[in-house]
Amino acid sequence: MHFLEIYITTQPNPKDIETMTQSIPTRLEKVNERIRAAALACGRDPETVKLIAVSKTVPADRVLAAIQAGVTDLGENYVQEAAEKIETLSKETVSWHFIGHLQSNKAKYAVKLFDLIHSVDSVKLAKELDKRSGNVGKVQNILVQVNISGEKTKSGVETDLAIEIVREIASLNNLSVCGLMTMPPYFNAPEKVRPYFRALKALQEIILKKCIPNVSMAELSMGMSGDFETAIQEGATLVRVGTAIFGQRA
Ligand SMILES: *Cc1c(COP(=O)(O)O)cnc(C)c1O
């Protein structure tokens, strides 16, 4: 990546600055409207796209404001932070998603806290989650995170190994593989990330054709504040949006 490119992609655009001065319900309504418009424009039923409000670093009172404005699904990146918020908001009927990098030694907490873990990036982690899910009598829904861009700094299984890894994870009794997740490079540059979204969709279709037992592949978790419309055009069923709902993180 060239210096200039980094510079351009990290400048907040005027739309983002405008967004920051608005309230959570207003921003949420705009995001929902954009999801709806993007889905309809490419001939998809808007109901097939679920918004996950990414609440990492956002305090519980602001998360509650989002829930009261209609958010049903929340995404967190850190187990400890999430545990505290989930406890504080335990009266709310919402689903919690884990989207950050998960260390195997946190698996025992993760299976108690999250409805869907998006970031399973190794067989080792999957086996630990399977064991811990079994201990609490749960079948844990998971997504396999794929490093579709192949960048060394990114988590996720290698694209070339994904099919075999899905097969291996699918054989674990206490996990249910619901689909794939990816984190492409180039935040806020939707046209640049399109090929990566398209590649994840293609991989989903290849895996589907393998008809692996215990694998549904229904979900594609891709798209964030800067590129969720592109992700929807390319088949996302779960979009993970933080900044556009809660404003810029500290
Ligand atoms: C923080 C985060 C998001 C949300 O990013 P925004 O740009 O704030 O919408 C989505 N997915 C993952 C994995 C994240 O860590």
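A polar side-chain atom of Arg 249 lies 2.8 Å from an oxygen atom of the ligand. The model is predicted: local features need pLDDT of at least 70, side-chain atom pairs count only at pLDDT 80 or more, and totals for chains, interfaces and linings use all residues. Residues are numbered from 1 along each chain as its sequence is written, and side-chain values use heavy atoms, with hydrogens and water left out.

User: How far is an oxygen atom of the ligand from an N or O atom in the side chain of Thr 243?
Analyst: Thr 243 belongs to the residues surrounding the ligand, which also include Asn 77 and Arg 249; a residue is near a molecule if one of its heavy atoms lies within 4 Å of it. For the side chain of Asn 77, the distance from an N or O atom to a ligand oxygen is 2.7 Å. For the side chain of Thr 243, the corresponding distance is 2.5 Å.

User: Is the aromatic pair of Phe 98 and Phe 114 stacked, edge-to-face or tilted?
Analyst: Rings of Phe, Tyr and Trp (its six-membered ring) pair if their centres lie within 6.5 Å; planes under 30 degrees apart count as stacked, over 60 as edge-to-face and the rest as tilted. A search of the whole structure finds one such pair. Phe 98 and Phe 114 lie 5.1 Å apart, centre to centre, with 55° between the planes, and the pair is tilted.

User: Why does Arg 194 count as buried?
Analyst: Buried means under 20% relative accessible area, exposed over 50%, and partly exposed in between (1.4 Å probe, protein chains only). Arg 194 touches Thr 230, Gln 233 and Glu 234, not counting residues up to four places away in sequence; contact means heavy atoms within 4.5 Å. Arg 194 counts as buried because its relative accessible area is 17%.

User: Which class does Asn 141 fall into by relative accessibility?
Analyst: Asn 141 touches Asp 115, Leu 116, Ile 117, Ser 176 and Cys 178, leaving aside residues up to four places away in sequence. Its relative accessibility is 32%, so Asn 141 counts as partly exposed.

Definitions and conventions. A polar contact is a pair of N or O atoms within 3.5 Å; within protein, one must be able to donate a hydrogen and the other to accept it, and residues adjacent in sequence count only if both atoms are side-chain atoms.
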